[in-house]
Structures are given as C-alpha cells and as structure tokens.
Amino acid sequence: MKIFFRNIHLYLSLAAGLVIAVVCFTGAALTFEKELNAWIYPERYHVQVGTQKASLDQMVAVVKGLKPEVKVSSVKVFNDPTRTIEIGYTDEKEKAGDKGAVGKEKENGSKTGEKGEQKGEKGKGKNGKVAYFNPYTGELIATSGQKTPFFQTMFGLHRWLLVQGPGKIVVGVSTIFFLFIIATGIVLWWPKNKKILKQRLTMKWDGGWKRLNHDLHLVIGFYTAIFLFAFAFTGLVWSFEWYHNAIYTLTGTTKELPEPPLSTVQEGAKPISFEQAYAIAKAEIPGASFYNLSAPKEADAALTVNLMPKEAAHERANTQLFLDQYSGNVLGKLALEDKNLGQRIRAAFYPIHVGSIGGLPGRIIAFISCIAGFTFPITGLILWLNRLKKEKKKSRKKTRKKAVLAGTNA
C-alpha cells in the first residue's frame, strides 16, 4: 500500500514541485510585507506625536491639488497616535488610459457580493495610489502605489505566476496536488515502531549530508504539514470560483450580502466632509484600530466607513458603518456577527491563509512553514535521485552475482 502512496507523492511532486516552490517562497516573502515596508519607509507610516491634529479635509484638498484628474477614494485614520493618515486616490486620466486592465483578477468576493472585504478598499486596484500625511502638521510626506514593485511581483507570482488567467489555474491545480502530496507524505512518514518515531521527530545534524537532507524533508515536513495544509486549503478560494461557492453550498447559506442603505438625496445639499464622517463614526463606535472612510460613488449612495473594532477576532472581522452622505445620519451597520455562517467562514480564510489569525506567532509559523515548503521539492528530488542511484547499485550487484553464479555452474 505504501508503494501506491509513494508513487502518488512522487509523481504529483514532480508535476507540481516547481510551482509549489515558487508559491511557498513568495508566500514567505509576503508574510511580513507590512512590517518590511514600515522598516524600509519608516517616514510613511510613523510620525512624532504632536499636541493638535490637522484637518482631514485640508489633507484631502492637498491630494486633489496634485493633479486635476485626481479623485480621492478613501481616507484611513488609525487609532495609533504615531500612525500617518493614508488617503487613497486614483488618477482618472491614467485610469481611462488603462481601462479594462483593472479588475481582471478580482477577488472572488468582489463578484459575489462579499462587500465586507472590498468596501473601504476602493482605489486599491492597479491605478490606486496612497498619499501619506502627518496627522499633526498636515504635511504630505510621500505618495506611492499600493504595493512596491518587489511585493507587486511577489503577489503576481504567488497568485498567477505573473500570467493572469492560465497562471491562476496552474497555481490552483498545483495547490490541489500539494494537498495530496501533504496527505500522502504523512502516510509515508508514519513510523512502524517507537524507535523509528523518535528518529522521525528529531533532526540528526551530525549524520552527514544525506541524513541531513532526509531529516529536512521528513522531520521538518511533519512539523509543518498541518500548517501548509491549512494555507493550501484556504488558498484555493482565490483560484476557483466553484471552490468559493462550495463554502456557501455546504453551509446552506448565501454569499450575497444585504444591499447597503441609500442616502436621501437633498436638492442643493452638500455632502458631509471626511472630517465630519470620521467624527460621527468615532462617536458611534469608539476605540476602533482604524476607520477607513470611502467616498460614495453615486449621488444616493451611503458613505461607508470600514472599521476594525478593538475586540475583532481577526483582521477580516471588520464592521461597516453606513452614513447618509448629506445629513451624516447613521443608516445601518454590518458587523461580522451579522453575517451568515458561510460569510463568516469565508471571512476567516484570508487570516488563516496568511497566519495572522494567530497574531505575530501565527505569522512567524506561516513564514517558517512557507520557507520549509520551498525546500521540500528540492530535498524530495534529492531523496528520489539518491534512491534511484541506490536501486541501480543493487541492480548491478544482482547482475554481477548472477553472472558469477552462471560462470560457477558452467
């Protein structure tokens, strides 16, 4: 039976090993993207605490003054007093020149009504940019794209191997193979007795390079298997629509969220400012980690405030607050607990996938597991080549032995 599982493990690994290595390596690179960006560009994220804060509307006016074609899409204010203000915007001229390119690879939720993950993230497409402001002086510190070129490349490799469409399918199929590789790997790892169990749970660092390669594959593979399985299992939701839909089918729920409430259009009335909207949201739900205010796109649309309550279970356990864009009245609220079972499960997929559901320790585990996942196709290939070499030696010995016996009998 183990020969059967070994063959599945081997041939799926040979077929998908290179893609698995790329996806794991890029996954490790993306794990601490926020921290690395903050380390490389500290001025964009942190400032010295002042005594009085500047007006959000003044900062918005500065962004609008960058170019005539600039359109402000969101304002993100953090509860951390050392954090900068982030204003999302788009260059409508650039956007028009690149029409059709944006949105080719939308998150599955964006097509299915899972607005909880997309609201407040406007302007974060290909043409979306961010302006960073000092909240105390109102000074424009820097502007940048949503992702640096390095992390944009890592993301593109991780999701679709830089080839949108076919690349996403290749990544998805390879991820399915990876699930079977992990499962069969556990079967092959399973020891026959306690002595072998001890060997397969501990690294033998002084046993020569072949033994070290063996232990890196089997021992490290065992300790990281459950995490890599969870990352691969949740990652499939971004490759296949049918997989995404299965969450709702299995839970007997719907993926569509309630339609957001509408503003009451008042003739001649001006929309409330971002400053006013922020004050209303903060009074309604105080102490949130951040408040991301999204500008309404239509005259009757609500102004949406995407915020993270301090008691949130994970980074996608956000709450949406809907405000009348003219009067500022609170029209409604949508928290994670208001969503159905399928939507709550779907919201947990991303934090599980990146390890953030376990906080900093979870992301460290994710980073280590992904690095290990990158090495497994390499150590596995070496194990296979060594086995082939060993089998060839055995075959030659048998052939020589038969030749000797035949000569003796003659």
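UniProt, in an unreviewed entry, places the feature "domain: PepSY" at residues 271-333; its positions follow the numbering used here, feature names are shortened, and annotations may be inferred rather than shown by experiment. This is a predicted model, in which local features need pLDDT of at least 70, side-chain atom pairs count only at pLDDT 80 or more, and totals for chains, interfaces and linings use all residues. Residues are numbered from 1 along each chain as its sequence is written, and side-chain values use heavy atoms, with hydrogens and water left out.

**The annotated segment**
- Helices (H or I, at least four residues) and strands (E, at least two) are DSSP runs, numbered from the N terminus.

**Pro 271**
- Pro 271 sits in the loop between α11 (241-251) and α12 (274-284).
- Beyond its neighbours within four places in sequence, Pro 271 is in contact (heavy atoms within 4.5 Å) with Gln 325 and Tyr 326.
- Between Pro 271 and Ser 174 there are 97 residues in sequence and 49 Å in space, C-alpha to C-alpha.

**A nonpolar surface patch**
- Tyr 11, Leu 14, Leu 381, Leu 385 and Leu 388 form a nonpolar patch on the surface, together having about 450 Å² of accessible area (Shrake-Rupley method, 1.4 Å probe, for residues only the protein chains shown count as cover).
- Patches are made of residues with over 30% relative accessible area and no salt bridge, with nonpolar side chains (Val, Leu, Ile, Met, Phe, Trp, Tyr) joined within 5 Å and like charges within 9 Å; a salt bridge is a side-chain nitrogen of Lys or Arg within 4 Å of a carboxyl oxygen of Asp or Glu.
- The elements giving two or more residues to the patch are α1 (2-31) and α14 (359-409), and α14 gives the most, with 3 residues.
- Leu 14 belongs to helix α1 and is partly exposed, at a relative accessible area of 42% (buried is under 20%, exposed over 50%, partly exposed in between; 1.4 Å probe, protein chains only).
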